[in-house]
Each structure stands twice: as structure tokens, then as C-alpha cells.
Amino acid sequence: MTEGVPETMSACVLHGKEDARLEKVPVPKPKDGELLVRVEAALTCGTDLKVFLRGYHERMIKPPAVFGHEFAGKVVVSENERFPKGTRIVAANSAPCRKCYFCKLEKPNLCRDLLFVNGAYAEYILIPARIVDNNCLTIPVDLPGSKAALVEPLACAIKGVEDVAVGRGEKVLVIGAGPLGLMLARLSVLTGAEVTSVDDQPDRIAVARELGVTNMVAERLTPELVNHLRAELTPHKLGFDCVIEAVGKPGTWNQAVELVRPGGRVNLFGGCPRGTELRVDTTRLHYDEISIYASFHHTPQTVRKALEFVANSEIPAFTLVREGRSLFDLPEVLQEMRKGSASPKTAIFPQLPGGVRLSVDELEQFFGDSRELRSR
Ligand SMILES: [Zn+2]
Ligand SMILES: [Zn+2]
């Protein structure tokens, strides 16, 4: 059953604060209902950077541990007829229990017993049975794993845009143009909204242009800029129909509330640290009747939609994933992310030799072990 699978593999192991090392570790052994997947591509994510800088994650990662949670790959050990050996899959990083109060309420993102998987920065990853059953999907043969791996964060963004029901012709402001801010902006563009993106980093805003965003503002969101945006970009200077905060700081949460028009919707999408408090003038809530949402995580439904968006290129994955690197260079990539010099997302390939950088054109051609890199 495990023929062809080695005993050990290369993996990036987090040992603590800013201490991630490439090591040989045992290949996990799948039990009933689990899949062993050979990672074709993993993606970097702001959460992974946070985990790297902090050295742990409250709910998910206690060092030493292999981390990384956005990935696609090929099944190498399976007793599941839905995903036989050789199937290329993408899996979300969690699955709900389907039994608790919130699961029964059809709010699976609030499941009290979300089961997480981490360990994508490795040659192989074990997919727990519950994720196999609920949040594992077969990917089209011509879809590179480096695109498919975008499914997890995109599923969160889809939930964010659906929760505030962004509509055609609406004026939407997205604060923050990190990978999630950019996906939220793109999804809003796809619904037919007129989207404004604001971020103080010009290179991030340049990506928003490629995604069909109408107004790009490369400035820090100061009180003056808040007034300026409201005055210049919204009818009767009343504010945006919908504002989505994708930064995760209390200052920008407040600005999001300030920038929405009476009767409008705010999505405080970016998570702040535990214990952070928000003060809101009750006038805004009551007399202005604004609605405040704060979307968390994804659902099996948005995970499925995310794969459709990526497969039909409505979300141009390689506008966000702009470079491919080797697993062996991951510690270096994490340092680049920390300095802000990395692309919005980087595809990490366990099969790529250290020191190689793949361009977007090369990424299109690279399917891990299943296809040669023709352009090289
Ligand atoms: Zn992520
Ligand atoms: Zn549940």
C-alpha cells in the first residue's frame, strides 16, 4: 500500500520564534480514512509569517512542528474510492464536525470543534479523515497546483463578500491590498461593483489595477484621506455603500466604520489580536443604521466556489502568486516576506532544487513531478 513512499522526507520545521529549519522527518503513516498526499505546491500566507515570527499558533501549531496550510498535491496512499491513488487534490486547512450546534445551524465556520491541518511545507502531508470527507476536492488536470492552492484563502474572501452581499453598481472600498484585500477587491469587481482600494504600499496597489479595481490610492489612510475619499468618491459625500477592512488593526476598523454611508454595510474582515476593543459612536449604528459584519474563515460551500473561481480564471491566481521557489529556500522567503519584499504570495515547491526562482510563465508549466518544466 505504501510502495514507492520513502520513510523520511524533507520538511520545514518550526522550532520557535523565527527559527524554521529544513530537516528530514518521518513521512506520516495514514490510518483509516486518511490520505497521504505528495505536496505539489504550497503557498506562503501572512498567517504563516505571523506563526514564524511568533514561533507558535494558539490553536494550530505547537513547536516543533511542520507548518504551512495552503497546498495542492497528488494522493499517494488511499483507501478512499473518491480519491484513489494518483488523484490530484486541493484541501482546505480545516473541516467542521457537522454535529455541533453551529454546524446544525448551518454556520460551519463557527463550529466549536474545527479540525485543522498544517504541514504543507513538506514533501508529503497527511489529510485527516474529516477533511477528506468535507473539504477535499479533485482538481482539473490542466490546473497547476500552485493555482489550486489558492482555494483556502479565496474561500475566506468569498465568504467575506457574500456576507455583505456586494451588489452591481455599488461603490465598494477595500482597505488593505495584501493577498486577502486583493481577493476581496477582485470578487467585488466580479459582482459589478465600482471598487476603490487603499494601501500605503505602491507595489501592492499596482496589483489591484491588474484585478480591475477602479480607484487605486497608494497612501496611508490618515483622517485627511478618510475625508478626501468620502468627498471625492461617494455620492453626496455620504460614504461608500460597502467598506471591507482587510488589514486587521483597530485604527482601520474605526476608519471603515467612518467611511460607510448611512444604511451601508461594513465588513471588519481583518482579524485583530485577542482582547482588542472597538469603540463606535452609537449614532452611526442607530440613527445612521449601518450594519457591521466581521467574517471569519470559510465554509465547505465557499471552498467549492473558490475552486470554480480559480479553475475558470475569474480569479487570476498568478496575479497574486508571482513567483515559485524551492522548499529549501523557504526560510529565506519568510525573511523576504518580513521585509515586505516578497510577492503577494509565493508558490513553494518541494521538488524544485534550492536557489531556483520560477517566473509566472514557468509556473504555468510546472506541475511538480507530473510534468516537466518545459520552458527551462
Ligand atoms: Zn492562509
Ligand atoms: Zn461543528
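Residues are numbered from 1 along each chain as its sequence is written, and chains are lettered from A and ligands numbered from 1 in the order in which they are written. In this predicted model, local features need pLDDT of at least 70 and side-chain atom pairs count only at pLDDT 80 or more, while totals for chains, interfaces and linings use all residues.

Helices (H or I, at least four residues) and strands (E, at least two) are DSSP runs, numbered from the N terminus. Strand β14 spans residues 240-245, and six of its six residues are buried; a buried residue has 20 or more other C-beta atoms within 10 Å of its own, an exposed one 12 or fewer, and a partly exposed one a count in between, with C-beta atoms placed from the backbone.

Two strands pair if DSSP finds at least two bridges between them. β14 pairs in the parallel sense with β11 (residues 171-175) over four bridges, and C242 is the bridge partner of V172. β14 also pairs with β15 (residues 260-268), again parallel, over five bridges; here E245 stands opposite L268. With helix α9 (residues 250-259), β14 and β15 make a right-handed β-α-β unit: with the strands pointing away from the viewer, the path from the first strand over the helix to the second runs clockwise.

The loop between α8 (223-233) and β14 holds H236 and K237. Phi is positive in H236, near 55°, and about 55° in K237, which is not a glycine either. H236 counts as exposed because it has 7 C-beta neighbours inside 10 Å; K237 counts as exposed with 12.

Elsewhere, the peptide bond from P63 to P64 is cis, with omega near -5°. P64 lies in the loop between α1 (46-54) and β4 (65-66).
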